[in-house]
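This report describes how two chains meet and then turns to selected sites on one of them. Please look over the sequence and the structure before reading on.

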Amino acid sequence: MQAGFSGELVKNAGAISWSDVDTREAALIERCTAGDDLACAELVAAHQRMVYGLAFNLLGDRDEALDVSQEVFLRVFRTLSSFRGQSALRTWIYRIVVNQVRNRQRWWRRRRRSDLVSLDDHLRQCGDVESKRDVLPDRLLASKETAARIWDALERLPFDQRTALILREVDGLRYEEIAFSLDVAVGTVKSRLTRARQALRAELLGLRP
Amino acid sequence: MIPYLGCDAAREMLQGFVDGELPMTDQVAVESHLRWCATCSARVEDTRLIGAGIRLAAPAQETTSEDLSTLAAIQSEVLTRIRAEHDQSLPVRLGGMFEDMRFLWPAFGATAALVFGLFTALAVHRAASAADPASIANMIQMLARQSAERRPHLQLGPLSSYYPVQLDALMLAPRPLSEGPALDSLPEDEAVFALSAVVTREGRVADYELLQSVRDGVRRRGESAALTDEVDAMLAAVKRSRFEPAQGVGGDAVTVRVVWLLARTTVKAEAGAKPLTDEEPPPAPRLARS
């Protein structure tokens, strides 16, 4: 089981040569903006799982994720002519996904405000993480139930921390790409990841018998 | 040589180490620290296990084939909508207008003909509106210009009621009021007078000048004194006259310089012609303005 938790599931964003991707993407974008149906279909096929996956992970709802996927691609094609290659196309699409999901989250947050627990409250309940020298026992993660509890704790985090951690751990984005997707500085990304991981670690330490 | 790294310094770098974001030297230094520090090694392991737990529990990991088929249907709909929007976009519609070149050349010829017609009409209009040097209008304008040049003291500025502007076709000309003295003191002989005057915003004649007079009787000796009296009487009548002031485009009263052309013409019947009435019709002065 331990092998299943290795880093192999993380997509390596730097594995592809960016110069090759840029050339290929530039040609694809040019064809899409010219109205080439095949190019549009190719762009959708190349990114639809990524878009749907991120939306599903952030929203936690299948139907909502499908709706967001549709909105994302509509927005992608409507604004593709304004894309100037300031990032990889994939990162640019990530940014659109995050913005679309954030808009939905705002509506949800108004409805579920009472369910949310702030990080400070959370840390106060679990104690100071840094003061504890305990280490998470591997066996705690040796089941899907534990992973599910981690996810539950993740869902209680603020949207920006949760998004940064999902983009890092699930989608394998580098700090710079996460910063572009969230439209923040790289330092902000680091601090959000640190706080999110601290909160999750505190949650897991509370699982100890 | 690998630099020594204490726990405090190493702890700051653990996250970057796990995420592979450290420079090579720091990466090596942290690795070296982890070989002997069990606490930091455990923290690294915690971070990795949390990441693995997230990836394992992520809902998107459970994406089914049904989800994918639904997604494909949705994306097909997206492409249909985008295609429709693209077809309705302005550049595409403009491009479609030039697809059939059969209509391009007739349209081009019609446009050229229209432009040529407009230029021709404009040229004709300009030629027609240009004043003939021998016309009365041109003569009046020339006399008004000469009169203004001879009296520069009247150019007092735009706020003065004595600042005359040129009367043009868009302005309403000053009209004599009924209660003013009539110009009935014209000499009885056939004569033409050009009279320049400035009509102020108050409707008064501020300045007047006899520019030119042509009269048959002038040549007759002994009548020059009588002629001078007649002209003076006419000028005095003009001076006493009251006018409704000229109005500019906006309806404001303006001071204008006008030139009146007064002509007295006697129509003589041919010999043997039967007069239409018993009395000879009274001569009527004609007013011309500029």
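## Salt bridges between the chains

A salt bridge is a side-chain nitrogen of Lys or Arg within 4 Å of a carboxyl oxygen of Asp or Glu. In this predicted model, A:Asp37 and B:Arg83 form such a pair, with their closest N and O atoms 2.7 Å apart. Between chain B and chain A there are 7 salt bridges. Residue pairs in polar contact between chain B and chain A number 15.

On the side of chain B that touches chain A, H1, helix H3 (38-57) and helix H4 (65-88) of chain B each supply at least two residues. H3(B) gives the most to this side, with 16 residues.

## Extent of the interface

The size of an interface is often given as the accessible area lost when the parts come together. Here, about 4,400 Å² is buried between chain B and chain A, and carbon and sulfur atoms give 62% of that area. B:Ile50, B:Ile54 and B:Arg55 supply 15% of the area that chain B buries against chain A, more than any other three residues. In terms of contacts, 41 residues of chain B meet 56 residues of chain A.

## B:Leu5

B:Leu5 lies in the segment before helix H1 (7-19) of chain B. Is this residue, B:Leu5, buried or exposed? B:Leu5 counts as buried because its relative accessibility is 12%, and buried means under 20%.

Residues that B:Leu5 touches include B:Ala10, B:Met13, B:Val30 and B:Trp36. The C-alpha atoms of B:Leu5 and B:Ser32 are 8.2 Å apart, although 27 residues separate the two along the chain.

## A nonpolar surface patch

B:Leu90, B:Leu94, B:Met97, B:Phe98 and B:Met101 form a nonpolar patch on the surface, together having about 540 Å² of accessible area. One of them, B:Phe98, sits in the loop between helix H5 (90-97) and helix H6 (104-129) of chain B.

Conventions
Residues numbered from 1 in each chain as written. Chains lettered and ligands numbered in written order. Predicted model: local features only at pLDDT ≥ 70, side-chain atom pairs only at ≥ 80, totals over all residues. Heavy atoms only, no water. Patch = residues over 30% accessible without salt bridge, like charges linked within 9 Å, V, L, I, M, F, W, Y side chains within 5 Å. Areas by Shrake-Rupley, 256 points an atom, 1.4 Å probe, with all protein chains shown as cover. Helix = DSSP H or I, 4+ residues; strand = E, 2+ residues; numbered from the N terminus. Buried < 20%, exposed > 50% of the residue type's maximum accessible area, 1.4 Å probe, protein only. Contact = heavy atoms within 4.5 Å. Buried area = accessible area lost by both parts, 1.4 Å probe. Polar contact = N/O pair within 3.5 Å; in protein donor to acceptor, adjacent residues only side chain to side chain. Lists of a residue's contacts leave out its neighbours within four places in sequence.
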